[in-house]
Amino acid sequence: MTRGNPCQLPGMLPNYDPNDSEAGMKILEDLTENVEQIQQRVLEEIVTRNARTDYLKGFLDGQFDKQVFKKTVPVVNYEDIKPYIERIANGDSSNIISAEPIIELLTSSGTSGGQPKMMPSTAEDLHRKTFFYNLLVPVMNKYVDGLDEGKAMYLLFVKPETKTPSGLMARPVLTSYYKSNNFKNRPFNRFNVYTSPDETILCSDSKQSMYCQLLCGLVQRQEVLRVGAVFASAFLRAIKFLEHNWKELCSNIRTGHVSDWITDPGCRKVVSLVLNKTKPELADLIEHECNSKSWEGIIKKLWPRTKYIEVIVTGSMAQYVSTLEYYSGGLPLVSTMYASSECYFGINFKPLSKPWDVSYTLIPNMAYFEFLPVKKKNEDGAQYVQCNGVCKENCMEKETEKEDVETVELVDVKLGQYYELVVTTFTGLYRYRVGDILMVTGFHNKAPQFRFVHRRNVVLSIDTDKTSEEDLLKAVTKAKVIVESLGILLIEYTSYADTSSIPGHYVLFWEITSKGNNHLPVLDPKIMEQCCSTVEESLDSVYRRCRRKDNSIGPLEIRVVQHGTFDALMDFCVSQGSSVNQYKTPRCIKSGEAINILDSRVVARFFSQKAPFWEPV
Ligand code: AMP
């Protein structure tokens, strides 16, 4: 790997000391000033390196030519590249798509055929991620002083992993990173000192990991300057866990002994060292705060020196902002970065901005970025489908056939326009549609900044699950068969993600009737609970993992509504501007008013009584 000035050498990762904020800012300035040249060189390097792979050979004649690349290499979805990924998973050489050996497959929260998509990863890519993480340090230092005078209580977790038939590791991107030497043997950096010992982060038992990380965070409460987790949902889960376990945690702090059920040897050893000796005053103090009737502002009370909460609160995580604000006592919520299993994309250069104003600057040496324009509603006469993401935008996705799509380059995106992100990575993805819709909000030097608008085709999301309208329809159709066999018709349905309690859960509103008349049938709770379970069993593997293994999603609920409820919903939507002629029942509701209309007509509620089946694939 070449190192040096990023503007002189393509696709390289400058080596710098994250303790040196000035050097970090200089790198960021160079990267954002020279976007066009860097993007050109990134693409040249990727194509030159990989021109002889089976994949690119099929489109190029071994030479790098950007125009030829853009003309002949197709813009693809996962389904198009899945056969290549599966061949690699089954033992074919990774050079069918990548000249660099693929050392593992990263299981995404996006699914294909119900199973996580798998993204290729190389050894070099770990260094690219480390470089990216290091760039976050100077940005935070620019806005918050004194971050080297204490610790970060970041609650980080690993997830289950499996091996492919060829013996490649398949695991989520963060699990891969935390288990890598880049994380475990990271050089000391005074801005990134964590309260959680690595052993507690790397513990595969998520309950023991959570308990031990909270215990270490509480013991070191006076040193903590920031708290967080990757996603808002995970951080709130930790607060709930604390709510259930603070007495035991305090008892451990009081006695200086960790509970017997912490059996992971690594955890026991490091937590005992942190606990060190009996601390009755500290236990009393924490008990006093946790015992108070209201947990409003609990974060600030338990960790009084905390300057901000670092959690992603953009995209589907925006639904947690008000709950986080309640617990935080007014601390800023900081979304530092935008990344995925495919590639790490962008950094929030104004980390203290409000969640709704957060924009990410795409870092031009991470990948070659292209953009598919997405039209806004009524922008022309073309056929559009409504975005169904967890966004408040009035944007529409054009139903485009992939052949007739023209992409725009990073330097050519226009302020205020919506685009779908397409990436060509160093790891074997070429012109790959990520599925995220972004809007251009401004520029940092010559680098455009984007607001994350929503993910294409996602209607429901609680944690890292991403359920599409189609997934939901399939699952509801399976459950519908059960009631139909009993002479009950499902006339209409819709859904929403209920995050009023932690963990949140999916709610389905069902309007049902007896066959042959318009009466509400007598409902057998057992049958309705079975319907809830059937829907859950039919949802994809990420949903089932969150629900069964991570406990980050609660039992699915069906709320049966009285006859005529969906007419009232239609009246409401029409009153809000929907056309009567083109009205289609929304399969997911986000508006509080619409939810109230449905909720006020609920006649019965049923919950799934068992967690769905899940195992790593
Ligand atoms: P995964 O492939 O499972 O790592 O999920 C990556 C996806 O999570 C991205 O493509 C986005 O849809 C979403 N995501 C990641 N970071 C952010 C962020 N900062 N804001 C909103 N959504 C995000």
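## Cavities and ligand shell

The largest cavity has a volume of about 60 Å³. A cavity is a set of points, on a 1 Å grid over the protein atoms alone, where a 1.4 Å probe fits but cannot get out, and its lining residues have an atom within 4 Å of a point. The volume is the space filled by probe spheres set on the points, which are joined across faces, edges and corners. This is a predicted model, in which local features need pLDDT of at least 70, side-chain atom pairs count only at pLDDT 80 or more, and totals for chains, interfaces and linings use all residues. Residues are numbered from 1 along each chain as its sequence is written, and side-chain values use heavy atoms, without hydrogens and water.

Four cavities of 30 Å³ or more are counted. Residues lining the largest cavity include Asp125, Arg128, Lys129 and Glu342. The second largest cavity has a volume of about 50 Å³; among the residues lining this second cavity are Ser233, Arg237, Tyr320 and Ser552.

The table gives polar contacts, which are pairs of N or O atoms within 3.5 Å.

| Side chain | Ligand atom | Distance |
|---|---|---|
| Ser108 | oxygen | 3.2 Å |
| Ser109 | oxygen | 2.5 Å |
| Thr314 | nitrogen | 2.6 Å |

The ligand on its own has 500 Å² of accessible area, of which the protein covers 90%; accessible areas come from the Shrake-Rupley method with a 1.4 Å probe.

Definitions and conventions. 1 Å grid on protein atoms, 1.4 Å probe; cavity = no way out; pocket = protein on both sides within 12 Å on 5 of 7 lines; lining within 4 Å. Polar contact = N/O pair within 3.5 Å; in protein donor to acceptor, adjacent residues only side chain to side chain.
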